Amino acid sequence: MKFLIIRFSSIGDIVLTTPVIRCLKTQVANAEVHYLSKETYEQILKSNPYIDKIHFFKDDIREILPALKKEGFDVVIDLHHNLRSWRVKRYLKIKSYSFNKLNVSKFLLVNFKINRLPKKHIVERYLDTLLSFNVRNDNSGLDYFLDEADRLTADNFPAEFQAGFNALVLGGSYFTKRIPKFQLEKICEKSDLPIVLLGGKDEFETGKMLEQKFEGKVFNGCGNFSLNQSASVLQQSQRVFTSDTGMMHIAAAFKKDVFSFWGNTLPDFGMAPYMPGPNSRILEVKGLHCRPCSKLGFKSCPKKHFRCMRDIVLDEDVFLQSNKN
């Protein structure tokens, strides 16, 4: 059978679909697996050996529809389930299975703090789209594949980092998901190993400040690495400190111990690190009446206090936990 998997964005969401790709390819006899996404995310998918062909579009989904029609797909697995994916399904006119986004339940939790969400990770919900094909979770976690050209070497880091380092992710799609500067400083101060900072160009100045304050212990990689080079940093790190970001899911794919900081979002949305390293830990302020304030995030805290991130306690136990093997 010839399958088309659809997930347009974003980094973390696409990484979370990798068990679907793998399980479909390995458990359905003679399955031919294609994937449709936005051109921006080619780096995430290009080296995945379980994908037979990738289809990308730049802006308008209509630009790719005729080419998809010519492929002669048997089934669409829709893991995005929005208007654009509906257009694809309508155009192809074939059997499709769609992921349930649970928008009503998310609305109730965000606006009324009524939690009707299933205690089920989004990976499991993605895999439910394959039940008709007798595909089951192989419990191998997430995948992330790197080309040799994307792998960093010891020469990319200062000499004192080559005996081992931790990674700290500064970026985030929304302010209310990002770790505050004073918390970043605490992590750098308390870390038992040198730290490589990861983020985009927008985080460069913050990274520079931390690098100067903790001279010799912190290396600013913000804005200097591609996505896959940043993934290579995560792969080589001992532990990863991050907020709810795509890099968090890439770290989980590498089975790293992930110390994830949760601000306006909740792990209850079903997107906690999936099968990360055994000493991983979720850091959050439970019982805060205004949390979650959004299923995505805001440019600033709606309540102006940002307690969801500011009140996270970074006691010694956090770092003692990270040292367990």
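**Ground rules.** I number residues from 1 along each chain as its sequence is written. The model is predicted, so local features need pLDDT of at least 70 and side-chain atom pairs count only at pLDDT 80 or more, while totals for chains, interfaces and linings use all residues; side-chain values use heavy atoms, with hydrogens and water left out.

**Entry 1, the sheet.** I looked up the strand order. Helices (H or I, at least four residues) and strands (E, at least two) are DSSP runs, numbered from the N terminus. Two strands pair if DSSP finds at least two bridges between them. I found an open sheet of six strands in the order β8-β7-β6-β9-β10-β11, with parallel pairing. β8 (218–220) and β11 (281–283) stand at the edges with a single partner strand each, so one side of each has no neighbour in the sheet. From one strand to the next the twist averages 20°. I then checked β10 and β11, which pair in the parallel sense over three bridges. F261 has L283 in β11 as its bridge partner.

Axes are lines fitted to C-alpha atoms, for helices over the stretch in contact, and angles run from 0 to 180 degrees between N-to-C directions. Helix α9 (residues 204–213) packs on the sheet and touches β7 and β8. The direction of α9 makes about 155° with that of β8. α10 also packs on the sheet, touching β6, β7 and β9, and its direction makes about 150° with that of β7.

How many residues of α11 (residues 246–253) are buried? I counted eight of its eight residues as buried, where buried means under 20% relative accessible area, exposed over 50%, and partly exposed in between (1.4 Å probe, protein chains only). Among the elements they pack against are α1 (11–15), β7 (195–198), α10 (227–236) and β9 (239–243). At the start of α11, a side-chain oxygen of T245 comes to within 3.3 Å of the backbone nitrogen of M247. Just after the helix, K255 takes a positive phi of about 60°.

L227 counts as buried because its relative accessibility is 19%. Beyond its neighbours within four places in sequence, L227 is in contact with residues including I11, Y144, M247 and I250. L227 and D268 are 41 residues apart in sequence and 27 Å apart in space, C-alpha to C-alpha.

Is T176 buried or exposed? It counts as buried, because its relative accessibility is 1%. T176 lies in the loop between β6 (166–169) and α8 (181–190). Its side chain makes a polar contact with the side chain of N264 (2.9 Å). A polar contact is a pair of N or O atoms within 3.5 Å; within protein, one must be able to donate a hydrogen and the other to accept it, and residues adjacent in sequence count only if both atoms are side-chain atoms. The T176 side chain also reaches the backbone nitrogen of F298 at 2.8 Å.

Technical notes. Contact means heavy atoms within 4.5 Å.
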